[in-house]
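The sequence and the structure come before the description.

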Amino acid sequence: MSIEVKDVMGRVAIAVPAYASFADVVAAMKRFAVGAVTVIDADRRPVGVVSEDDLLVKESDPVRHSVSIFESRDRRAEHHKAAAVNAAQLMTSPAITVTPGTPLRDAARLMHDHRVKQLPVIDPVTGRIAGTLHQRDVLRVFTRPAGELEAEIRAALPDPERFSVVVDRGVVTIGGRTGTRSQAIAVTEAVRAVEGVIDVVSELTCVKDDLVVVPPLL
């Protein structure tokens, strides 16, 4: 069974209103010990995110009043944030969100692709913030008990009794015999797809190699 965001998410919605001051944003990050907070509108819908990087621009940007016409768009955006006084001006928008039913693998991919450590979780009907998914929540799946992981692996196999399964700190060694090489590959990939599997060591053997490429006759 695929693990979804709702299975590991935090139920506390770490967010600030768009009018929150710079100091309020810093206080919220400190209170919840996080590196970013979601910015919400009057209906509690995420409109952006303020990260520590957004806050650091305030200290690192040397220009506060004048902007050169030769500067890049990104550089001008940094100057704008350096002069910001509230969350709406500081935030990066739009907010990247997930729903409770989003597969955890998809959420992890979003975090990786966008280089963020947390995602606001929204109600799929109202769009309102319902919680927060942290990177540590995603990583918890790799500390699942070996017995629980083995049971799910066996449930994913076409004929569980034909295979041996050994789980050691998330690394799965699978042994047994299949009819063809392509079936052995399919079994290995089925095990690899189980949430919490870090790597798969295949000791499978097959009766027939159906992936042998026969060179064309000249």
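In this predicted model, three strands make up an open sheet with mixed pairing, in the order 1-2-3. The edges are taken by strand 1 (15–17) and strand 3 (46–51); each has a single partner strand, so one side of each is left without a neighbour in the sheet. On average, and with direction ignored, neighbouring strands of this sheet are turned by 35 degrees against each other.

Strand 1 pairs with strand 2 (residues 36–40) in the parallel sense, over three bridges. Valine 16 has valine 39 in strand 2 as its bridge partner. Helix 1 (residues 22–32) packs on the sheet and touches strand 1, strand 2 and strand 3. The direction of helix 1 makes about 125 degrees with that of strand 2.

The pairing of strand 4 with strand 5 (residues 129–134) is antiparallel and runs over five bridges. Isoleucine 122 of strand 4 (residues 118–122) stands opposite isoleucine 129 in strand 5. The two strands form a hairpin with six residues between them. In the turn, glycine 127 has a positive phi of about 80 degrees.

Is strand 4 enclosed or left open by the rest of the structure? Five of its five residues are buried, so strand 4 is largely enclosed. In a regular strand, side chains alternate between the two faces of the sheet. In strand 4 both faces are covered, with Gln118, Pro120 and Ile122 buried on one side and Leu119 and Val121 buried on the other.

**Two residues**

Glutamine 118 lies in strand 4, while glycine 176 is found in strand 7 (residues 171–180). The table sets out their accessibility and contacts, leaving aside residues up to four places away in sequence.

| Residue | Relative accessibility | Class | Contacts |
|---|---|---|---|
| Glycine 176 | 24% | partly exposed | Arg162, Phe163, Glu203, Leu204, Thr205 |

The cut-off for buried is under 20% relative accessible area.

For glycine 176, the C-alpha atom is separated by 9.9 Å from that of proline 160, and the two residues are 16 residues apart along the chain.

**The largest pocket**

Rolling a probe the size of a water molecule over the atoms shows where empty space is left. The largest pocket has a volume of about 630 Å³ and a lining of 22 residues. Which residues of the lining lie nearest the centre of the largest pocket? They are Ala36, Ser51, Arg115, Val116 and Lys117. Strand 3, helix 2 (52–60) and strand 4 are the elements that give two or more residues to the lining.

**The chain as a whole**

The secondary structure of the protein chain comes to eight helices and eight strands. Of its 218 residues, 35% count as buried. Taking contacts between residues at least 6 apart in sequence, 57% join residues at least 24 apart.

Key:
Residues are numbered from 1 along each chain as its sequence is written. This is a predicted model: local features need pLDDT of at least 70, side-chain atom pairs count only at pLDDT 80 or more; totals for chains, interfaces and linings use all residues. Side-chain values use heavy atoms; hydrogens and water are left out. Helices (H or I, at least four residues) and strands (E, at least two) are DSSP runs, numbered from the N terminus. Contact means heavy atoms within 4.5 Å. Buried means under 20% relative accessible area, exposed over 50%, partly exposed in between (1.4 Å probe, protein chains only). Two strands pair if DSSP finds at least two bridges between them. Axes are lines fitted to C-alpha atoms, for helices over the stretch in contact, and angles run from 0 to 180 degrees between N-to-C directions. On a 1 Å grid over the protein atoms alone, a cavity is a set of points where a 1.4 Å probe fits but cannot get out, and a pocket is an open set with protein on both sides within 12 Å along at least five of seven lines; lining residues have an atom within 4 Å of a point. Grid points are joined across faces, edges and corners, and a volume is the space filled by probe spheres set on the points.
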